[in-house]
Amino acid sequence: MAADLFLPSLTPQSTLAELPTWDVRLPVTARGDAFDEVLRRQPDLPGVVVFDTTGVRGAISRTRFHQVISRPFGGEIVRPRAIGALLGEFSSGDLMILDVNMPVQEALRESLARDKSMIYEPVLISTNGGKDVRLVGFTDLLRADSRISSLRNQQMQEILATVQEGFLLVDRDHRIAWEYSRSVETILGRSNLAGCSLTELLRDLLGSEAAQLGLKYLEALFNPNVIEKLVVDINPLKSVKVPEHPGRPRQHLGFAFRRSFEGREIRRVLVRVEDRTREVELAAELEEQERQAGQRVDLAMEMMQVDADSLTDYLTRFLVEVSQISRLRSQPAGGSTRAAVDAIFRILHSLKGEAGVIGLRSFAQRLHRAEDVVASVRDSGTGQGSLERLDPWIESLRELGVEARDLIVRLSALVSNKAPREVTSRPADIVPALEALIADLSTRLGKAARFVARWNPEDLPVAYGSVVRESLIQLTRNSMVHGVETERQRRQAGKPVPAVLQFALRRHEAEGQLEVLFQDDGRGLDLDQIRCRARDLFGSEDLDDEEAAQIIFEPGFSTALTTNGDAGRGVGLDLVRDRVESLGGMVLVHSEPGVFCAFQIVLPLEPEGRS
Amino acid sequence: MRLLIVDDSLVVRDAIQRSVDNGTITHVLRAGDGEEAVSIFARERPELVTMDLTLPRLNGLEAIRRIRETEPRTSILVISALNSHRTAMEALALGACGFLTKPFTAREISEALDQLAQHAASQSQW
């Protein structure tokens, strides 16, 4: 259609001037049949302007003219007469003339405000500062408006489809308006939101607690008594965690609200929906970094309180053992993953024990958590790739060791060599360390015990310093957790309080042997319980007393039912045995129920090899 | 307009009062607890109130409720630490116009008081 040619160039600012106009005029004196002839010659003409000597009198449209002449005798009445006489038939009310510079959409609103009988009539427009009057067809005006609206809508849809932000509008009843940005669906993982209740959606997404707060906030925003700017800070949905659903990734959402007005009235609230997961995670990472920095300070404080030699020794051993763990992890000993996990476990356990003794709590805590991970790997089956779960822990332990070593370097640089310290012989440190451990365990376990050492530190070969120390630590823990009864139990059994843990060291030069004795006066080995546990753990049946006693040295054996930092993981005694045997020695256990439990470690005076 | 400052801390009351630099607030009243706030309000009927939520004797929420009961056109700004969103939402439901979280800066309080005064002026026009 020819009339469509003008449409593509229209914009919301387009005025009536851009529409096709008609300036066919007839004087009031022209006859009806002349008008009919004009209409016949110009089939697109919507109507004519009628004028007299005083100016424009009105307009007569093609539609109206045809309506009138198609009435009975209409043609006979109208054709021979002057059209001016009939003007009243064709129009009513005041003459409306719009300025040619009026925007199209406004002009349509004006035209629609005309008298009902006039609505479809052409629109009169004044051009040339009011000197000329022309006609615009009503359908042209309607089509132009519709075109502009649809272009507007199309652009709006483009924005809504493209914008990254989630935008939606809600009304007073919390219903979501038709138009919202596509991102809303992506962010919320829900579709077809138009007309849905925002509160229900929130309840579904965030749970009733958060939804309830959101609802109250929304109500406040629709309440004219509330000042919008002064409630922005208390938006309860600024950042909310989506409760974790299986199959949906962890997510944090943010909702921001803004009133939209119609005049002074709050019509709707615009809601901006954001996925804040990344942001929240970054903040958590930052917090974690700060926490680690704090831990570093704690570590430094802790290290400054530890005897310098023990610290250096421990750190050296720690780093060596961590490398050993890495080796075990990448090339499981004997190809068995299970054996590697057990070995790693024992190393961690031993390192932890020592850390506790010398007072490196951060190390002890970190190692305990690492043990948890290893235990869970062990218990959940050591299939392909299960060792990979250990990697972050191995790495974190190595970092801890390196960090501590760097700290030592820096700390010693600070104190330089101003105060040369008394070099104490290492074996002599064993007793105070064990006493400290016993004191610590006594308070935590509610058990009282004292330590008696019968030895001459000089009898201990330097090469055995570490194994003896380590073994005594494990045996002490073991005694305190499993052997020694609580104070009440001891009193009920008529036994003295505190319990006594004894340590003795003897050199048997003739046999070429070093004997380490460790004994407690606790409840002794409960062989029945051990047999029972052995059956559950290893399926061992019908163990005699000797065999049952020996089974406590098996990796993974434990009679304690709960796992805490002290014992109960079933690690310790196997570690002692391994270390001792690797040096060509042996460990024996003797016990009498209710009376005592003694461990005897025998080592060759001439060490055979090093572990 | 007159402003009633309600806070149990003298330091906070002073800080708020010092920030009153807008020409529309001509007179300042002060209360240190909820009961006192309600009785001063009943006597003086100030147009504006700043209200702490944790107050001795009568808590802030209850004070807001009673003040709005006495005079529903009062513009009340809560100035309190945001301990729970639930309480904050309740304050709005009871008729508070806004919420300024502690700690605040002099500039924040001054801007908030401006808006409160503007709001009160527009309410009385209606």
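# Strands, cores and confidence

Author: In chain A, strand 7 and strand 10 (residues 265-275) run antiparallel and are joined by 5 bridges. A:V170 stands opposite A:V269 in strand 10 of chain A. This is a predicted model, in which local features need pLDDT of at least 70, side-chain atom pairs count only at pLDDT 80 or more, and totals for chains, interfaces and linings use all residues. Residues are numbered from 1 along each chain as its sequence is written, while chains are lettered from A and ligands numbered from 1 in the order in which they are written.

Reader: What makes strand 7 and strand 10 of chain A a pair?

Author: Strands (E, at least two residues) and helices (H or I, at least four) are DSSP runs, numbered from the N terminus. Two strands pair if DSSP finds at least two bridges between them. Strand 7 and strand 10 of chain A have 5 bridges and therefore pair.

Reader: Why do strand 4 and strand 6 of chain A stand at the edges?

Author: Their open sheet has 3 strands in the order 4-5-6, with mixed pairing. Strand 4 (97-99) and strand 6 (132-136) of chain A each have a single partner strand, so one side of each lacks a neighbour in the sheet. Strand 4 of chain A runs parallel to strand 5 (residues 123-127), to which 3 bridges join it. A:L98 stands opposite A:I125 in strand 5 of chain A.

Reader: Why does A:L472 count as buried?

Author: A:L472 has 27 C-beta neighbours inside 10 Å and therefore counts as buried. This residue is found in helix 16 (residues 465-483) of chain A.

Reader: Which residues does A:L472 touch, not counting residues up to four places away in sequence?

Author: Contact requires C-beta atoms, placed from the backbone, within 7 Å. On that basis A:L472 touches A:I430, A:L434, A:F503 and A:F518. A:L472 and A:I430 are 42 residues apart along the chain, and their C-alpha atoms are separated by 8.6 Å.

Reader: Which residues touch the most other members of the largest nonpolar core?

Author: A nonpolar core is a set of buried Ala, Val, Leu, Ile, Met, Phe, Trp, Tyr and Cys residues joined through C-beta atoms within 7 Å. The largest has 71 residues, and those touching the most other members include A:I344, A:V374 and A:L472. Helix 12 (residues 337-358) of chain A gives the largest share of this core, 11 residues. A second, separate core has 68 residues, among them A:L218, B:V78, B:L100 and B:A120.

Reader: How many residues of chain B are in contact with chain A?

Author: 17 residues of chain B are in contact with 13 residues of chain A. Helix 4 of chain B gives the largest share of the side of chain B that touches chain A, 6 residues.

Reader: Where in chain A does pLDDT stay under 50?

Author: pLDDT, the predictor's confidence in each residue, runs from 0 to 100. It stays under 50 over residues 417-425 of chain A, for which the model has 4 contacts beyond four places in sequence. Where pLDDT is low, the predicted coordinates should not be read in detail. Chain A averages a pLDDT of 83, and 90% of its residues score at least 70.

Methods. A residue is buried if 20 or more other C-beta atoms lie within 10 Å of its own, exposed if 12 or fewer, and partly exposed in between; C-beta atoms are placed from the backbone. Two residues are in contact if their C-beta atoms, placed from the backbone, lie within 7 Å.
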